[in-house]
Every structure is written in C-alpha cells, then in structure tokens.
Amino acid sequence: MKTMAIVLAAGQGKRMKSKLYKVLHPVCGKPMVGHVLDVVKEAAAERTVVIVGHGAETVKSYLGDKAEYALQEQQLGTGHAVRQAEAMLGAEEGTTIVICGDTPLVQASTIQGMLELHASSGAAATVLTASFGDPTGYGRVIRGADGGVQRIVEQKDCTPDEAAVQEINTGTYCFDNKKLFAALSQVTSNNAQGEFYLTDVIGIFRTAGDGVQGYCTNDTSEAIGVNDRVALAEAERFMRERINRTHLLNGVTLIDPQSTYIEAGVQIGADTVVYPGSVIRGATIIGEDCVIGPQADISDSSIANGVKIKYSTVAESVIGDKSAVGPYANLRPGSKLGAECKIGDFVELKNATLGDGSKVSHLSYVGDAIVGKDVNIGCGAITVNYDGYNKFVTEIGDHAFVGSNVNLIAPVKLGDGAYVVAGSTVTHDVPAGDLAIARERQVNKPGYADKIRARAKAKKEKKN
Ligand code: UD1
Ligand code: CA
C-alpha cells in the first residue's frame, strides 16, 4: 500500500516574534521543516505534500524539489491546512502521515512503529502521543474504555478534567487516506479558536464506528512542538544531545558533550577528539584521528585525517592530512591546505592554496595566493592583494622562503626556491632560485644614541 505524507508548514508562528517564518528556524543548523521532511522520507513516504502559506516562496525555495506543494492562502486551522492537499492526494489509496513542520524531533523509527501499529490494527487513524508531566499548550488525548483514542481536545477547549490528562497529541498521525479527506469535509470551526481543527476528525471516525489508535512514544523530546523561542532552545538541546550521542557511538570522543555544538549533517571519523567550546557546522566533514578544539569554529569545510585545529575559525576551507591550525588562526573561505601544513597564531588566510608541507607560522595575511610545496612564510609577512578597487594574485613557487615582515605587492610571482630577505617590500617578480632584497641599507652612527637622547630630553624640558 502506498504511503504519503502531508507536512503542515503554512503558519506564521506569531509567538516566535521573528521576521523568519517559523518552520525555517534552524535546530542544530537545519530548518525545522528540513528535519521533518528528511524524517518522513526516511519513514518511506512515496509522495510528500508540504502545505505552505506564510513565507510560501521562501519555504519552497528552501525545500526545492524534495516535495510537492499546496498553498493554504488563509490559515484557518490544521484541518483546513490538510484539506488543501485533497486535489493532489484525494484520489490515492493508502496511508497518509500528517506531521507538523514545527516538530523537528520526531524520529523516522517512531513513525515506522506508528505505521506498523496502524496497519496491524486496521484503524482509520493512529495518533502519535506522549505523556507530559506538564501538558500545557498541547491537545489532550482522551482514551475510551477500549483503550482506543476517543477524541483530542485542544487546551483552550478543555474542561478541568480533560486539562488534567497528561497524554498529549504530538501533532503526528497516520490516516487511511480516503477516510481522512471524507472526515475533513465534516469538520467545523465551532471551537474556542474558531479554527478547523484536524484533531476533530478523530471524533468523527469514532462516531462512524471506525477505530483510532494511540501510539505513545517514551521519548518525550520527540513531542516538542516549537511555538516560541523557549521551545526552540529546548528542541536545540535535545537535538544536540541526539547528534552528539550518535558521534560518540560512532567512535568520536567528545570531552564534554554538553559544551560541544555539532550541527545536523556534520560527519566525523573515528578516534577524532573534540575539545569543549567547539562549534562544527554546515556540511563539514572531518576525518579520523583529528584533534578539534578547544574552541574551534568550523563551517562547511573538509578536514582530512590527523588534523589539529585549536582556538581557530575555519570556513569553507579544505585542510589536508596531518596539518595543524592555530591557536588563533582565521581560515576564511577558499583556504586550501595540502598535507602537513602549519598555520600558526594570528594568521589569516583567504582564497589561498598552500602545497604540502608549507608553513605560515605567525602573524601573517595570505590572501588570493597560490603557494607551492614546502614554502616558509615568515612572521609578519603579508600579501598586499588589494588596491582599494581590485584584488590581485600572489604566486609563490615550491621551496621558496619569505622572510619576516615582507610585503608581497600583488600581482607578483616568486619562482621555485626564491628567497626574499626579511623586511623587503617586493614589487617585482623574483625568478626561481634568486635572492631578493628590497629594503634600505643599514647605517650605524657611532655613539649617536646618547646624543639623540639628550636632544629628546631637552625638548621635553622646554615644553614643561
Ligand atoms: C497542534 C494540535 C495539538 C497538538 C500540537 C502539537 C490542532 C488543532 N492542534 O496545536 O493538538 O498538541 O499541534 O504540536 O491540530 N498550520 C498550518 N495552517 C494552519 C494552522 C497551522 O499550516 O491554518 C501549521 C503550522 O504552521 C504548524 C502546524 O500546522 O506547523 C501546527 O500548528 P500550530 O498552530 O502550531 O498548532 P498547535 O496549537 O501547536
Ligand atoms: Ca505547534
């Protein structure tokens, strides 16, 4: 039988107090609706329709062709939202998962468990429920004497007895597709919020004599529906714990998981150790046997094996085997290090390629540069790549040596094995194997130090 999914993502999310549409708020770096979509895909939905409304274009451009879309022009409630998919899915035979775009912690394995119960019980609907010590804000699940779900009552419509029920509706369900749309046509907006509630179909099924099951998850974190930033922070914490646990089980050491921030989608190899305060984001891939942190901020980068990065920022960069970065280095987008490179303290790289074994150990800026193998760039050396209007490239050949405090005025090229002495300002290419000196010759004036002190002292006294 066919499995489909409808993701509700048309609400504005007023309680978020944000310019960003609610379902696009990221949890561990990935928008909530992205988490939900990946999970329904994993749970084997063959067709997925996302109901969009507020921010429809933004949501669609984020999800792209991962889903089909139905527009809900006015947000008249979750039942009304699901009806918008009728033109697309109404004719299908099968099971339809309905899930809210603001419940990023629901897991595929849980949805699969719910689908299994649904299939074996022959119910018209199965509701994913959870039991909360404090159920405030959620719809309450009212069970009948047979143990099945009788109805779902929204918080605002609860009697005091109903409000005391701790089993809540997570907002994830599966339905017999045909029965779902038939029941939806009977839902009214006769309730405290004047909305068409999806949850009312449960009562409609029961009245028609159909069964409704409740599938209760023991992992209450799965039930978090993010309506405000308090819940967003809570969702982030649970998701972080889940991500970190996966890395730990995969053989990654996290010295203190509580203070390690790894976004969804990051890959880390076995025997890598991550020290506290590290933030690893985006599409970052880290190899085996690396030492990351303390306080490394790495985004969208590819890090090979045996790399060490401490107290440093690395963005959209590539780092080869056994290279070392930091402390206090800033690798900006387009930095590409070969194997066994060393980038030391207060070094900034941008759009710069370094061959194997090259070193920039202290206090340098290397931007728009192509640097060969086994090059040494001395303390304080910089590429002067910008004239206020244009960027220029510096090329440095294999085995070249750039002394301390050298300015390389781009565009400029140092040939293989070239040697630039400290303090030089290089404005012309240096051929392979040549030595460049571009600085004033030193003059010593014997005994002059005392004279100059006396002169300075006299000037100060005159002023006072
Ligand atoms: C809903 C459930 C409640 C459940 C809770 C779980 C209903 C009536 N209530 O309440 O039982 O405990 O989720 O988190 O279903 N949306 C639309 N169009 C609309 C209204 C909502 O697309 O017209 C979307 C929202 O963008 C959101 C989702 O549906 O992603 C849920 O809506 P929300 O207003 O957050 O429902 P809750 O009050 O949380
Ligand atoms: Ca909600």
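Which polar side-chain atom lies 3.4 Å from an oxygen atom of ligand 1? In this predicted model, whose local features need pLDDT of at least 70, whose side-chain atom pairs count only at pLDDT 80 or more, and whose totals for chains, interfaces and linings use all residues, side-chain values use heavy atoms, with hydrogens and water left out. Residues are numbered from 1 along each chain as its sequence is written, while chains are lettered from A and ligands numbered from 1 in the order in which they are written.

The atom in question belongs to asparagine 227, and its pairing with the ligand is a polar contact, that is, a pair of N or O atoms within 3.5 Å. Backbone atoms also take part, for a backbone N or O atom of leucine 8 lies 2.9 Å from an oxygen atom of ligand 1, and one of leucine 76 lies 3.4 Å from an oxygen atom of the ligand. The protein covers 91% of the 770 Å² of accessible area that ligand 1 has on its own, as computed by the Shrake-Rupley method with a 1.4 Å probe.

Around ligand 1 there are 23 residues, of which Gln72, Gly77, Thr78, Glu154 and Asn169 come nearest; a residue is counted here if one of its heavy atoms lies within 4 Å of the ligand. By class, this shell holds eight nonpolar, 12 polar and three charged residues, where Ala, Val, Leu, Ile, Met, Phe, Trp, Tyr, Cys and Pro count as nonpolar, Asp, Glu, Lys and Arg as charged, and the others, Gly among them, as polar. Strand E1 (2–9), helix H3 (78–83) and strand E10 (167–176) each supply at least two residues of the shell, helices (H or I, at least four residues) and strands (E, at least two) being DSSP runs numbered from the N terminus.

Ligand 1 sits in the largest pocket, in the sense that more than half of its atoms lie within 2 Å of the pocket's grid points. A pocket is an open set of points, on a 1 Å grid over the protein atoms alone, with protein on both sides within 12 Å along at least five of seven lines, and its lining residues have an atom within 4 Å of a point. This pocket has a volume of about 1200 Å³, the volume being the space filled by probe spheres set on the points, which are joined across faces, edges and corners. Its lining comprises 39 residues, with Arg15, Lys22, Thr78, Glu195 and Asn227 nearest the centre, and E10 gives the most to it, with four residues.

Notes: Polar contact = N/O pair within 3.5 Å; in protein donor to acceptor, adjacent residues only side chain to side chain. 1 Å grid on protein atoms, 1.4 Å probe; cavity = no way out; pocket = protein on both sides within 12 Å on 5 of 7 lines; lining within 4 Å.
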